[in-house]
Amino acid sequence: MKRLIMTVSVFLAVMNAGAQMKWNQQFQNYINKYCGIAVQEMQKYHIPASITLAQGILESGAGNSELCLKGNNHFGIKCHGWTGRTVYHDDDETQECFRAYNSALESYEDHSKFLASSQRYRSLFQLRVTDYEGWARGLKACGYATNPQYADKLIQLIELYKLYEFDRGGKSKGGKTIVTPQDEHVIRIYNRNLYLIARQGDTFRSLAKETGISRRKLANYNERDKNDVLSDGDIIYLKKKRSRADKAFKKHPHVVKAGDSMYSIAQQYGIRLKSLYKMNRLEPDYQIRVGDKLRVY
């Protein structure tokens, strides 16, 4: 408890600094941990990842608030219209009802749905996904928060930690690196998907803890068993793979090299294994040979 009080005190000191806000390792750790989910949500709902991350930092105390620790509530969303698990917390009134989630991923997903499904925030979705200032000021104007400095604090966080790079990265179709954390995996974008490169000792369980995506989902997205042993250099996608490669490969088939397998080729291009077989009219027991040309689009 003492450590938590100190953490929240540091958080409040930093956030009260206004224009003098300084870089904070706890905030960077939060960004490193949840940037992949934020970009994933941006691709689904067109909410800037920078806004989602900045809101998460503000609303959850960079993951250290009571609401976040007790109920995985990263965005301070109250119970209105909610039928799931709840947690009570003093806010504008004593012991108000807040939504509770089983994971950070559920909280991020509900935050996206909360904004996208509400008439109150509909005007924001007319803005470009790169217009983080418009989104920040729009959220405040629409009544998301009562703090008069809410929009300014979001913008300060976005600019200090260069969160706007996630907004541009999310639109990339190539292999753009969107974050370079100090101690966690680099998350990249390829074929409109997010992925990371496994390191020695990684497991689906450890990657699930880092990304906030369940190990069962991670395994399914990569067409593997959740108990599989991962190897150094394995490509691990964070969303379901697409049925075709990037359009750039429409007229460029993959030429099979020594060491290739149908699975490794599917991972290389970010496509589902069954789609690769289907595109090339191959049976599952077909043994590829060096020099074979395979369609990937």
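Asn191 counts as buried because its relative accessibility is 2%, where buried means under 20% relative accessible area, exposed means over 50%, and partly exposed lies in between, with a 1.4 Å probe and protein chains only. Asn191 sits in the loop between S4 and S5, and it has a positive phi of about 50° although it is not a glycine. Helices (H or I, at least four residues) and strands (E, at least two) are DSSP runs, numbered from the N terminus. Glu223 also has a positive phi, of about 55°, and is not a glycine either. You will find Glu223 in the loop between H10 and S6, and with 33% relative accessibility Glu223 counts as partly exposed.

Before going further, a word on what you are looking at. This is a predicted model, in which local features need pLDDT of at least 70 and side-chain atom pairs count only at pLDDT 80 or more, while totals for chains, interfaces and linings use all residues. Residues are numbered from 1 along each chain as its sequence is written, and side-chain values use heavy atoms, with hydrogens and water left out.

How confident is the predictor? The pLDDT, its confidence in each residue from 0 to 100, has a mean of 86 over the chain, and 88% of the residues reach 70 or more. Two stretches call for care. Over residues 1-14 pLDDT stays under 50, and the model has 15 contacts beyond four places in sequence for them. Over residues 170-182 pLDDT also stays under 50, with 38 such contacts. Contact here means heavy atoms within 4.5 Å. Where pLDDT is low, the predicted coordinates should not be read in detail.

Now to the interior. A nonpolar core is a set of buried Ala, Val, Leu, Ile, Met, Phe, Trp, Tyr and Cys residues joined through side-chain atoms within 4.5 Å. The largest one holds 60 residues, and those touching the most other members are Leu53, Tyr108, Leu139, Tyr144, Leu157, Leu163 and Phe166. At least two residues of this core come from each of helices H2 (25-45), H3 (49-60), H5 (104-116), H6 (132-141), H7 (150-160), H9 (204-211) and H10 (215-221), and from strand S5 (193-197). H2 gives the most to this core, with 10 residues.

Which residues of H7 are buried? They are Tyr150, Ala151, Lys153, Leu154, Ile155, Leu157 and Ile158. H7 is followed by Lys162, which has a positive phi near 55°.

Helix H11 (residues 262-269) has Met262, Ile265, Ala266, Gln267 and Tyr269 buried. The cover over these buried residues includes strands S4 (188-190), S6 (235-237) and S7 (254-255), together with H12 and S8. Just after H11 comes Gly270, with a positive phi of about 70°.

Between helix H12 (273-279) and strand S8 (293-294) runs a loop that contains Asn280. Asn280 counts as buried because its relative accessibility is 16%. The side chain of Asn280 reaches the backbone oxygen of Leu276 at 2.9 Å. Not counting residues up to four places away in sequence, Asn280 touches Lys293, Leu294 and Arg295.

Next, turn to a hairpin. Strands S1 (residues 86-89) and S2 (residues 96-99) pair in the antiparallel sense over four bridges; two strands pair if DSSP finds at least two bridges between them. His89 stands opposite Glu96 in S2. Six residues lie between the strands of this hairpin, and Gln95 takes a positive phi near 45°.

S2 leads on to the cysteines. A disulfide is a pair of cysteine sulfur atoms within 2.5 Å, and by this rule the count comes to one. Cys79 and Cys97 form it, with their sulfur atoms 2.1 Å apart. The torsion about their S-S bond is about -70°, so the disulfide is left-handed. The pair links distant parts of the chain, 18 residues apart: Cys79 is in the loop between helix H4 (66-71) and S1, and Cys97 is in strand S2. Cys79 is buried, with a relative accessible area of 13%, whereas Cys97, at 23% relative accessibility, counts as partly exposed. Elsewhere, Cys68 is buried at 7% relative accessibility, and Cys142 is buried with a relative accessible area of 19%.

How values were computed: A polar contact is a pair of N or O atoms within 3.5 Å; within protein, one must be able to donate a hydrogen and the other to accept it, and residues adjacent in sequence count only if both atoms are side-chain atoms. pLDDT is the predictor's confidence in each residue, from 0 to 100.
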